[in-house]
Amino acid sequence: MTHEIDKKLQELDLKTESIEKIEKILSESILGHTRPTISTTFEGIFRARKITNAKDSEIDCIKSIWYPNWKKISESEYRYNRCSDKGENFFYCSNSLETTIKELEPENGDDILIGIFYPKFATTKVRCQFAGIELLRNNIHYKTVLKNYNYYSKNDKKIEELMSSKFKERVSKDESYKYKLTIAFSNILLKNRDIECLIYPSITTNFEFVNFGLKPSFVDEHLYCAEIFQYSVEKTSNEYILTPEKYGEIEHNLQTPKISEIDWKECHNEDRNIKKSFVL
């Protein structure tokens with residue numbers, strides 16, 4: 001069965017094939033396929049974006065660190081992502097700042113925003129699916145859930161091994177169409193209304209940490225940005241060095257958090273000396 005799936009996928013021309021067709025092939029193959037889920041809370045998650053040359057008016061509101069408003073972005077900027085189609089709203093984040101920065105891949109001289117998000121209520125839980133189980137089995141945060149997980153059948157295991165191989169594949173920006181496979185699989189996992197989040201391995205940290213992909217509806221209803229900062233980036237041959245430039249005082253609107261306004265303040269010299277660094 002899995003050999004047939006792999007053969008069908010290999011025969012596809014990903015440049016031209018639709019995500020819908022790939023999704024259909026995968027759906028037929030994993031019908032009845034059982035997978036582990038987890039219900040968890042967020043104690044603080046990070047999201048970042050590049051703002052080099054951005055106007056002040058473009059970053060004066062929390063929506064500047066929210067998921068993108070694609071209606072205000074030129075279609076020439078649209079591209080496929082690990083779990084989402086072109087122009088599709090999806091909230092990529094991590095519980096690790098290091099992972100967030102490495103996944104962003106800023107260049108030397110870039111300016112970036114970093115937002116720290118929390119649930120409006122500490123008791124809020126989110127139901128998650130794992131994408132890339134075989135890569136996450138030994139992850140320190142999830143090994144208690146996954147390490148001893150037994151597949152229902154050999155076919156189930158082969159399917160997960162196949163998907164894990166796709167989630168660990170590095171994809172260049174000019175070949176983003178290769179993400180169609182993981183997008184299709186993500187779509188299948190998120191069809192369940194109870195699933196609000198995907199947990200998948202971070203390639204840029206050699207799978208030591210994870211990324212989260214959240215449905216926009218969950219973000220809008222349950223999360224708010226508690227803190228926001230601007231950093232300048234120095235990229236050397238072996239590390240990122242982040243210098244704090246500004247911090248935002250947020251006028252919180254907890255009913256609609258993404259429209260909360262930001263009053264930016266310059267960091268003092270002593271604060272600018274407290275840099276963050278991450279080895280490449």
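This is a predicted model: local features need pLDDT of at least 70, side-chain atom pairs count only at pLDDT 80 or more; totals for chains, interfaces and linings use all residues.
Residues are numbered from 1 along each chain as its sequence is written. Local features need pLDDT of at least 70 and side-chain atom pairs 80 or more, while totals for linings use all residues.

**Stop one: the largest pocket.** Select R47, A48, R49, P68 and L104, the lining residues that lie nearest the centre of the largest pocket. A pocket here is an open set of points on a 1 Å grid where a 1.4 Å probe fits, with protein on both sides within 12 Å along at least five of seven lines; lining residues have an atom within 4 Å of a point. In all, 50 residues line the largest pocket, and its volume is about 2000 Å³, meaning the space filled by probe spheres set on the points. Now colour β2 (45-50): β2 gives the most to this lining, with five residues.

**Stop two: the second largest pocket.** Pick I30, H33, T34, R35, Q129, I188, L189 and N192, which line it. The volume here is about 150 Å³.

**Stop three: salt bridges.** The rule (a side-chain nitrogen of Lys or Arg within 4 Å of a carboxyl oxygen of Asp or Glu) gives 13 of them. Show K7 and E11, whose side chains meet at 2.7 Å, N to O; both sit in helix α1 (residues 2-11), four residues apart. Finish on K157, K158 and E161, linked in a salt-bridge network.

Methods. Side-chain values use heavy atoms; hydrogens and water are left out. Helices (H or I, at least four residues) and strands (E, at least two) are DSSP runs, numbered from the N terminus.
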